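Here are my notes on the model, as numbered points. Have the coordinates open while you read.

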Amino acid sequence: MKQSDPLSNAAAHAAAFSRELDSMRAGTQVGHAELLGRLGGELPESGLYPERVVDELVAATSDARHGSAGGRFFAWVIGGGFPSAVAADWLASVWDENAAHFAGAPAASVIEEVVGEWLKDLFRLPAEASFALTSGCQMAHFTCLASAREALMRRCGWDVNRQGLAGAPVIRILSGVDRHASVDRALRFLGLGSDSIVTVEADDQGRIHVDALANDFERTKLPTIVVLSAGELNTGSFDRFDQLIPLAKTHRAWVHIDGAFGIVSRSSEQFLPLSDGLELADSWATDGHKWLNVPLDSGLAFVRDRDAHRRAMSVETDYLEPCHSARDAIDWTPEWSRRARGYALYAAIREQGRGGIEKLVDRCCQHAANLVDHVGRLPGVDVAVRPTLNQGLLRFLDPRVDDQGAHDEFTDQVIHRVNQTGEAFFGGTTWRGKRVMRVSVVNWRTSEQDVRRAVGAIERVLHSAAEASRPERLVSQATPTR
Ligand SMILES: *Cc1c(COP(=O)(O)O)cnc(C)c1O
């Protein structure tokens, strides 16, 4: 019997996928029913050789991926994976350690310790801050906001770990109207419901108005968490930290920053001025799996008040041996058994160094600007937001009618048709009441050639729509009216 070697088999599939990624179509057209047909069915009674399982998995799914690891995927904010980070992530699975504590996974634990320090340096965060490697920015928010809740309640003489929330001091949250929904959800997990959030007005880029925040502070004197944004989801804009954080500090508020992708721009000299003052905050949440190009399952929390962070997360049991010289991740994260996710981050930083990450940021921002500018010059295109970082918004105007509703519909149609070409993949959203196409560039693989292909695809879709709307065509195609 042939020796089954699913790892070599998977490596061969992976290498083939990586080679084809630049030429394969962006975006899949395979739907839910088709996939269920291929993958579903009854629970198997008996098993298969591991190699065959891998082959079947690849065969059944290879045309059903959007290619979000590739360079022509501009939807949402996903990011790819640097080659060594992907490889290190495989090894983390093969080694299969539980990175909860040093005693259980010594190497993984030290790797996290090193990575945390490196990242504070790269993002220019205070050296005294503690950190946690989480599953994503969602859980990084949870970790940071749990620390905030602990600290603010302790200041009021309330120990939330012991006393819980019934009868606890009321905490208010001030945050911009465009904040990411993961902030609200983290607060919800912490028993701070949506009624405790006061939404602050923002400008056309999604930046909080300084006066509006000042007014909200004046209204009542409650312990307050201010949640600010480093990289607004649609526009990539930053709140004005240098003005907002000192203001929040005069009211003794805890300032938390959602920097899921934007904090990574702190590695670039060119973009650093945009986030001036960010280092004054109390906690920061970001991702390894977006702009740092580490595979998914990589979030990062940083907390200035390490004691509050530790009190919010740590745990003691008889069966886990605490290590007094090393760092036990279980004391800093909301997880127990956990993936050794430090290896992939370590590899990405070793592969690129500070210089490589700075170049990645500069390059992505340049590509985003070029893409938006080139498309913006085409007839009937409205640049809703020109990138100041790596995100931009485009709107497509219906050549037949000058009407907001028609432009909304036309914009969605253009996105759909561009995605059908397989040349590039984009997503849509509603910004300030109007439908727009989002352009997000966060992948190390995206090249000038990829940008040209995306622009070309959009141009052809617009051209054929304009052709179809020419009066003589309209007349010949029109259905006769009765
Ligand atoms: C993606 C994103 C999040 C959520 O991060 P996950 O890593 O998906 O949990 C939060 N805020 C912003 C601005 C994001 O882009």
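1. Where is the place of D178? D178 sits in the loop between β2 (172-176) and α8 (181-189). Helices (H or I, at least four residues) and strands (E, at least two) are DSSP runs, numbered from the N terminus.

2. A word on the basis: this is a predicted model, with local features needing pLDDT of at least 70 and side-chain atom pairs counting only at pLDDT 80 or more, while totals for chains, interfaces and linings use all residues. Residues are numbered from 1 along each chain as its sequence is written, and side-chain values use heavy atoms, leaving out hydrogens and water.

3. Leaving aside residues up to four places away in sequence, D178 touches A202, G206, E232, W431 and R432 (contact means heavy atoms within 4.5 Å).

4. Zooming out, the protein chain has 15 helices and eleven strands. Of its 482 residues, 50% count as buried. Among contacts with a separation of 6 or more, 73% come from residues 24 or more positions apart.

5. As for extent, the C-alpha atoms fill a box of roughly 80 × 75 × 45 Å along the principal axes.

Note on methods
Buried means under 20% relative accessible area, exposed over 50%, partly exposed in between (1.4 Å probe, protein chains only).
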